[in-house]
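Hi everyone, thanks for coming. Let me put the model up on the screen, and then we can walk through it together.

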Amino acid sequence: MAFFGFAHGVHPPEEKGLTSGLPIRRMPYPDELILPLRQHAGKPAKLCVKVGDYVERGDPVGQADGYMSVPIHASAAGTVSAIDLWPHPDGSYVQSVHIKVDTYALQAARPRLVPQWEGLTVEQVIKAVQEAGVVGLGGAAFPTHVKLAPPKDYAVHTLIINGAECEPYLTSDHRTMVEFPERVHFGCRVMMHTLGVTKAVIGVEKNKPDAIEALERTKPKDLDITILPLTVKYPQGAEKMLIHAVTGVEVPSGKLPVTVGVVVQNVGSLAAIAEVFDTGLPLIERIVTVTGHGLKRPANLIVPVGTKLKDLLAYCDGVTPNAREVINGGPMMGMSVSNLEAPVLKGTTGIVVLTDEEVRADTVYPCIHCGRCLEACPVFLNPSWLGDLARVKRYQDMADEHLADCMLCGSCSYVCPSNIPLSQLFQASKVALRRIQTAGAA
Amino acid sequence: MILQAILILGGTGLVFAIFIAAANKKLKVWEDPRIDVVSAMLPQANCGACGLPGCRAFAEKAVGGEIQPSKCTVSNAERIGEIAHFLGVDAGQAVKRVARLACAGGSNVAMQRAEYRGLNTCEAATAVAGGGKGCAWGCLGFADCERACTFGAISMTAEGLPVVDVEKCTACNDCVVACPKQLFSLQVLDHALFVQCKNLVHGDGVLEQCTVACTTCGKCALDAAPGLISVASGVAVINYDKIAEAEESATERCPTGAILWLRGAQFARVPALSSSEAA
């Protein structure tokens, strides 16, 4: 069997067994939904409701502010009860729309007109995707319609679909592929049509044989879709690693995948696109894996966007007494949450609750220059050296050492025998560098 | 044998000595001797607060008449006067500025929502969900500013807040850059009116996060001269163009002490600190 993978990387414990066999269930509507206007990469949405307005399920509460932005829709019918600053999972406070959910509403989706995608031009499809508020569901929440319209100077030849889901614990993409393979294929069809490509590859890690089987079984006969089993390794699902695994081509540093003629989409995003052209539903709910040994009843849930994390955890029967840390996303790239009032966003792939024993609070020792981080780094940086630079705040030198290529996958922190929190150092450095650069520009 | 060696070494030494002496005559650059004197009178902290790359550069500019001696904020008035007298120039108007922290939420008054474990720097903690403090704008207390301060003007209190020693502070801007929450600003020392809160949440709900936060009740704005204070942004903001009209009465009805009339020390109205810090 051919090797479809990439050099370097790590093998953290998968821990997916907690939820990988659990069918997706729908979570009931909570009493109150919080819809932050900043849920995606790019410009935040522009508010378009006021306190006291009644909104139906699927009505916009925020409009797209320019091209690099998407609207936010109400994920349940109800009354706008407040518009204020509310905790965001990233720790800041963001302007958010509160919706008091109408208990007796039908919760019928709006818009009720389903766009007939085959009759639409490429521009109209892109517009429909933007208006439905679809963003990348893999975590980064990059607006999907932007990816549908790649710059004209590059010829796109392949659509790569990311079903790797290499992050430990998370199974939302896995379950999507097992339970809704037709949706993935339908979304793939729309994307291929829009991009004008004839070839698509769905990359799935080999540890999900049921997903590969389901995708193979439902594969449309008239499309050139390959389902490619990938080696099981972290971070296989990182965009540039996946492209390398599928095509053997390395995306140049600082360049977008389109420069090598590929566009990458997450399976969840494809399912969301399928939803738009199948039922007309905008992106108002998503599949979230709620899991971890600190949680009483792990589950794969369809969660309305805007559900507070505390409501979500309460629906899963709450946390165990030894639960210690709640992570938004997976344990490798996810971020600890400091406030459970924060809502589930469009980009929330999973919520992981770790126990006291799992949360590492080991002593940090000096670097022994063992070089394990160099062997782990999937983008061939020197984390040890970058860490030294970060500690003495030589941010400009870090930028010269290609800090921008670091995607904060956490592989270096994971393998470090001295427990040096390298990934955190780099994240803080990236923030500091941006601050220095904006201060310099001003 | 010995004589030969002495002759060779002495001879080459003599040749080079003549060469160096000639070069010294030929290539001599005249430098104003006053630069050395002025430089010696400066604090030699090389802090950069004047905007120049060091005290020597400042001395050169001062002797050249391009900068007024008072632009050195680190030195004291007496020394500045000496330099001005020595150079025979006007000392200029020195406006003493100090760094002030727009947060009074020490661990005694501000709620800690989550425990943060990790690198003990504000910068790193900010990157992890804002650092775990209930207030997303407040001081985290990991002392990035204390480490950044070259003059030892910043010290941390038991409640985890930095206190600026106005005597030692030279307004060099280092702490302003170091704080990831951007809580420090350089303020004119004589300006007594100051808001020590940056929390943008409206209303009394903010008191759950911190009991000394600005609740945007607007009493200070009503009591002050029109246009001096505004609470529209979510926190009381002082319009420093109108600072001359500021009076202490504006701060008297503040329910939390977020706006205060400075008397010597910055945290004069925070109860836990009042005994040691109040003037």
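This is a predicted model: local features need pLDDT of at least 70, side-chain atom pairs count only at pLDDT 80 or more; totals for chains, interfaces and linings use all residues.

Residues are numbered from 1 along each chain as its sequence is written, and chains are lettered from A and ligands numbered from 1 in the order in which they are written.

Chain A is divided into domain 1 (27-102 + 282-355), domain 2 (134-278) and domain 3 (372-441), with bounds from an automatic or database domain assignment. In chain A, the C-alpha centres of domains 1 and 2 are 24 Å apart. There, 27 residues of domain 1 are in contact with 22 residues of domain 2, meaning C-beta atoms, placed from the backbone, within 7 Å.

Over in chain B, we have domain 1 (33-87) and domain 2 (97-277). Their C-alpha centres lie 32 Å apart, and six residues of domain 1 are in contact with six of domain 2.

Now, how do helix α2 (residues 33-41) and helix α3 (residues 55-63) of chain B pack? Their angle is about 125°, with the axes 8 Å apart. Helices here are DSSP runs (H or I, at least four residues), numbered from the N terminus; axes are lines fitted to C-alpha atoms over the stretch in contact, and angles run from 0 to 180 degrees between N-to-C directions. The contact includes Ile35(B) and Val38(B) of α2(B), and Ala59(B) and Val63(B) of α3(B).

Methods
Helices (H or I, at least four residues) and strands (E, at least two) are DSSP runs, numbered from the N terminus. Two residues are in contact if their C-beta atoms, placed from the backbone, lie within 7 Å.
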